[in-house]
Amino acid sequence: MTERKIPLAGVIGTPVSHSRSPRLHGHWLRKYGIAGHYIPMDIASEDLEDAIRLLPRLGFVGANVTIPHKERIMAIADLVTDRAALIGSVNTLIFRADGKIHGDNTDGYGFLENLKHGAPDWEPGVGPAAVIGAGGAARAVLSSLIDAGVPEIRLSNRTKNRAEGLQREFGSKVVVYDWVHAGNMFDGAKTVVNASSLGMQGKPQLRIPLDGISNDAVVTDLVYTPLETGLLAHARSIGCRTVDGLGMLLYQAMPGFERWFGIKPEIDDGLREAILR
Ligand code: NAP
């Protein structure tokens, strides 16, 4: 009788010590009593392809991919999902039994699930969304807001041509606002998203005038250190429904864990505390 291999998964990046994924997946592995392991793997760019090809042979069922490999991995994976292609990066790999490496991006899923759970009465179709930032995270936000049926997405970024690039890719629902007039995009917006790194610990504060945000908007921030950013504190003070960014990190991890270990994990307060600790 052959003994079943212990399933292994992990996160690949460089550096990788900052990643909260090992704590997150470790919590679920313990919670569900799964005899598996989730390991941080610091892999240099020049070793990336060799390492990825070797992992399945070592007993890995999949992996997360983080900075700086999220884009390059697309060319290494044998199959890339449509949503990963649209977002332009891969954060979750599945090593299939037939030997194929499957690449997916679950950031948009994580963003949307977090918003739906954090503001259950959020209605994407009721009006425009205003999005700050045009980096990798903004791409995931745009694709999921469009999927959810938001009629118009106002987008502003310090470097305007990055926002214009996203407008070309994501189409006419995206309307670009100059960075100096970014405050204007809040007028009538029903969903407000900070997808820039402004407001994060160690980064400059978000300095856009926020007085145009109305109290019927749902406001969310992808930054989760601190948990309550300046944007969320302002939004809460005027009566908006607010959703912090930690949930996005937790929800984006669910599809990978389910595919690798066969259990759909739960997100509860214990998990949030374990990650924040
Ligand atoms: P990124 O690709 O490096 O993009 C950074 C964005 O922030 C760009 O739009 C950039 O504008 C803007 N920015 C940075 N410094 C700025 C400054 N001083 N003034 C104005 N704009 C500035 O990063 P990313 O991957 O999109 O991540 C963005 C944020 O989301 C990060 O804080 C990240 O931690 C967070 N995030 C959270 C989750 C989650 O699960 N909650 C998931 C992904 C990302 P320019 O284009 O002008 O440089």
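**Ligand site and cis prolines in a predicted chain**

Pro15 lies in the loop between strand 1 (8-13) and helix 1 (21-31). Helices (DSSP H or I, at least four residues) and strands (DSSP E, at least two) are numbered from the N terminus. This is a predicted model, in which local features need pLDDT of at least 70 and side-chain atom pairs pLDDT 80 or more, while totals for chains, interfaces and linings use all residues. Residues are numbered from 1 along each chain as its sequence is written, and side-chain values use heavy atoms, without hydrogens or water.

**Cis peptide bonds**
- Thr14 and Pro15 are joined by a cis peptide bond, with omega about -5 degrees.
- A cis bond also runs from Thr225 to Pro226, where omega is near 5 degrees.
- Pro226 is placed in the loop between strand 11 (218-221) and helix 8 (230-237).

**Overall fold**
- The chain has 10 helices and 12 strands.
- Its C-alpha atoms fill a box of roughly 65 × 40 × 35 Å along the principal axes.
- The radius of gyration is 19 Å, which agrees with the value near 19 Å for a compact globule of 277 residues. That radius is taken over C-alpha atoms, and the globule rule is 2.2 Å times the number of residues to the power 0.38.

**Ligand shell**
- The ligand has 22 residues around it, and Ala137, Asn157, Arg158, Thr159 and Arg162 come nearest (near: a heavy atom within 4 Å).
- The shell divides into 12 nonpolar, eight polar and two charged residues (Asp, Glu, Lys and Arg count as charged; Ala, Val, Leu, Ile, Met, Phe, Trp, Tyr, Cys and Pro as nonpolar; the others, Gly among them, as polar).

**Polar contacts and burial**
- A polar side-chain atom of Arg162 is 2.7 Å from a ligand oxygen (polar contact: N or O atoms within 3.5 Å).
- A backbone N or O atom of Ala134 lies 3.0 Å from an oxygen atom of the ligand.
- A backbone N or O atom of Leu222 lies 2.9 Å from a ligand nitrogen.
- Alone, the ligand exposes 920 Å², and the protein buries 76% of that (Shrake-Rupley, 1.4 Å probe).
- Helix 6 (136-148) and helix 9 (246-261) are the elements that give two or more residues to the shell.

Methods: Polar contact = N/O pair within 3.5 Å; in protein donor to acceptor, adjacent residues only side chain to side chain.
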